Amino acid sequence: MAVTEPRIWPTQKVLQPTPSELYPSSDNPDLLEINLGPNHPSTHGVLRVVTTLDGEIVVGLKCEVGYVHTGIEKNIEQKTYWKAIPYVPRMDYLSFFSGETAFCMATEKALELEVPRRAEWIRVLFQELARLHSHLVFLGTGSVDLGGIALLFYCFRARDEVLDLFEMVCGARMHPRYCQVGGVADDLPKGFEAICRKFIPFMRNQLDQYDELIGANPIWLGRTKGVGVLSPEFAMQMGLTGPNLRASGVPYDLRSANGGYGAYRELDYTPVVEQGGDVHARFRVRIEEMRASVDLIEKVLDGMPGGPIISDDRKVVLPPRHELHTSMESLIHHFKLVTEGFTVPAGEVYAPIESARGEFGFHLIADGGPKPWRVRLRSPSLVLLQSLAALCEGVYLADLIAILASIDPVLGDVDR
Amino acid sequence: MQVNSPTWGEPDNGAGDRLGDEFGAGVIIRRVEHRGELTLDIPVDRLLDVCGFLRDHEGYDLLSDVTAVDYLGYQGEVAGYWGGGSDGRDINHYSHSGKAAVPEAAGPKRFAVSTTLCKVMTVTDGNHRRLRIRVWLDDNESISTLISVYPSADFHEREAFDLMGITFEGHPNLRRILMPDDWGGHPQRKDYPIGGEPVQFSDEV
C-alpha cells in the first residue's frame, strides 16, 4: 500500500458545542426530523439516529444509544474472574473471541501469569477467525445497505465455515468461552488442522470473488468513493482506532505496535493501511485485512508449537479432569477454584487488544479478592459512534447509511 | 517474565518530571507503577492543564479511555474466603477481599477518575507509550471536562456521569447515555442496590 502522491485531506473541525452531535444551523421551518431506528435494518442493531433533514441533506444528527445496555460491567463485579468470562463475548458478538481474550489477558496481567506458547498461538488463530467472521458480516450487511444483496449470501456462506471451525473446537458456534485464564480451555481436536487448511484456499478464493463483485462495479464505486472522508488528524481527535483509523492512513495496529502481543510478537504482522479515508477505503482496508488474517491463519498452522495449552499454576487453573480421580490435592484445588475462585493482587491494569473494530481494552481494578472490584470495558464502537455526526454533515441521507455501515459499530459493544 | 498482553512501553517517567517542571512539584501527588503501567495522581483542578500539556508537548494524541471507579467500601471487610492475602495466593489462608488484602489506603477519596492516554501518530522510535492520569474525588465534587483537549472524551464522560454520577464541569451535553433519561441513581456506584429494582412499565394504569 505505497503512497503514490501526497494526499490533500479535507479540513474537519470538531463540532461545537458538543463533538458528537450536529445541530441544524438554520431555523428553516421545513426541516424534517426523522428517527432512523432503533429498529431499522441499516443501523446494525438497536441504534437510534435522530436526523434532521433539509430536503435530502442531513443537517442535524444525534445518536441515542443504550437500548441493549445490560450492565455487563456491574454483573462482572459480582462474579469471580473465570465466571465472568462468558459475559464478555456477548458484547461484541461479531468479534466474540477478541473479548474473551482481552479479559483473560487483563486478568493474566494482573496475576503476572505466564501463558504457554501453544495457547498463545491457538488464541491468535481464533482471534483471526473471529476477525474474519466480523469483517465478513460487515461486508455482507454493508453491501446490503448499499443496495447489493448478492454479497450478503456469499459472505454468510463463508461466515458459516468460520463458525464451523469454532464449533469443532469448543462446541459452540458463537460465544465460545474457549479462552481461559492461563491459556485455552481445550486442545485442538483431531482433524481440525486438515479442515482449517482446507478453509484457507476456500477463503482466498471467496475474497477474490468478493473483489470481483464490487471492485470494479461503477455503482459501488460511485456510492463509496469520496463519501464520508475522515482525515487522520480528525480520526485521532475523535479517538478512532482499528480499521477506521488505518483507512485514513495511520498504520497503528496493536498487533504490531510495541512489538505486538501474544503470538503476534513472533508472527511479524504488518498493518494494512489505506490512504483514502472514505467509505471505499474503509471497505478496502477490511477486505485486505481479511486476506492478511487468512495469511496469519496459515502461518499459525505452519508454526503451531506443541506443549501444554494452559498454565500449570494450580492456584489459578483447574487441574486436569483425570487427576480428580486419583489426587486429593487436585480435588481440593478444583473445589476451591470452582467455589471461591482465585484471588488477584490489588492494583489497576489496562490491557488492550486489537479486536475487529479497534482497541478493545479491559480496565481491571482488583482489590485482592476473588472478584474484580471494577471492570471497565473500553469498547471501540462507543468511541467511533461519536464521529458519525461530523462525518455526516451535509451528506445525503443515503450516504449516511453508507457511512454508518462503513464505520462498523456493533451495538452490543456500544451499550454493554 | 513475558506478559501476554501488549506492553505499555517504557514507563514515561520523563513526562512526569517535565510535568513537575512545568506546573511545580505539587502537581504530581504520587506515582504508582503497577505491572509496568505508570499512573500519575494529580490534583483535581490541574487535570485540564496537565492533559493539555501532555497532548501538546509530550505527544499523547489519543485518549484511550476514561474510567470512573467507586472505592466505597474498598477497605472494608466483606465476606471472607480461603484464598490468601497480600502475600500471595494461598488457599490455606483465610482472608477478606477487602482490608486484609490491601495494606494501605487505596486513595484519599471515594471516587477515582482514570484517564488513559496513548501516543500514536507522534511516535518516532516505535514506542507507543501509554500513561494514566488519575484524579480523586469525593461525593459532590466535580472535575472539568476534557472535551476541549480530547474531543473523544464526550461519550466516556457521559457514561461516567450516567453510571457513576461524576459531574464534568463544562460538558456541553451531560445527559444520561446508557440508562433511560428518567432513571434514578447511578448504577455503577457501590451503594446502588443489586436486585430488587422496580420492573419498568409495570405500573397499573
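**View 1. A:Ser143 in helix H4 of chain A.** In this predicted model, A:Ser143 lies in helix H4 of chain A, which covers residues 117-145. The relative accessibility of A:Ser143 is 2%, so this residue counts as buried, the cut-off for buried being under 20%. Leaving out residues up to four places away in sequence, A:Ser143 touches A:Gly148, A:Leu151, A:Leu152 and A:Trp220.

View 2. H4(A) is made of 29 residues. From its first C-alpha to its last the helix reaches 42 Å, close to the 42 Å expected at 1.5 Å a residue. Of its 29 residues, 26 are buried, so H4(A) is largely enclosed by the rest of the structure. Just after H4(A), A:Gly147 has a positive phi of about 95 degrees.

**View 3. The largest nonpolar core.** This core holds 135 residues. A:Leu61, A:Phe126 and A:Leu139 have the most contacts inside it. Helix H11 of chain A, residues 279-303, gives the most to this core, with twelve residues.

**View 4. The surroundings of A:Leu139.** Setting aside neighbours within four places in sequence, A:Leu139 is in contact with A:Leu151, A:Cys155, A:Tyr210 and A:Ile214, and also with A:Phe283, A:Ile287 and A:Met290. A:Leu151 is also among the residues that A:Ser143 touches.

Definitions and conventions:
Residues are numbered from 1 along each chain as its sequence is written. Chains are lettered from A and ligands numbered from 1 in the order in which they are written. This is a predicted model: local features need pLDDT of at least 70, side-chain atom pairs count only at pLDDT 80 or more; totals for chains, interfaces and linings use all residues. Side-chain values use heavy atoms; hydrogens and water are left out. Helices (H or I, at least four residues) and strands (E, at least two) are DSSP runs, numbered from the N terminus. Buried means under 20% relative accessible area, exposed over 50%, partly exposed in between (1.4 Å probe, protein chains only). Contact means heavy atoms within 4.5 Å. A nonpolar core is a set of buried Ala, Val, Leu, Ile, Met, Phe, Trp, Tyr and Cys residues joined through side-chain atoms within 4.5 Å. The expected span of a helix is 1.5 Å times one less than its number of residues.
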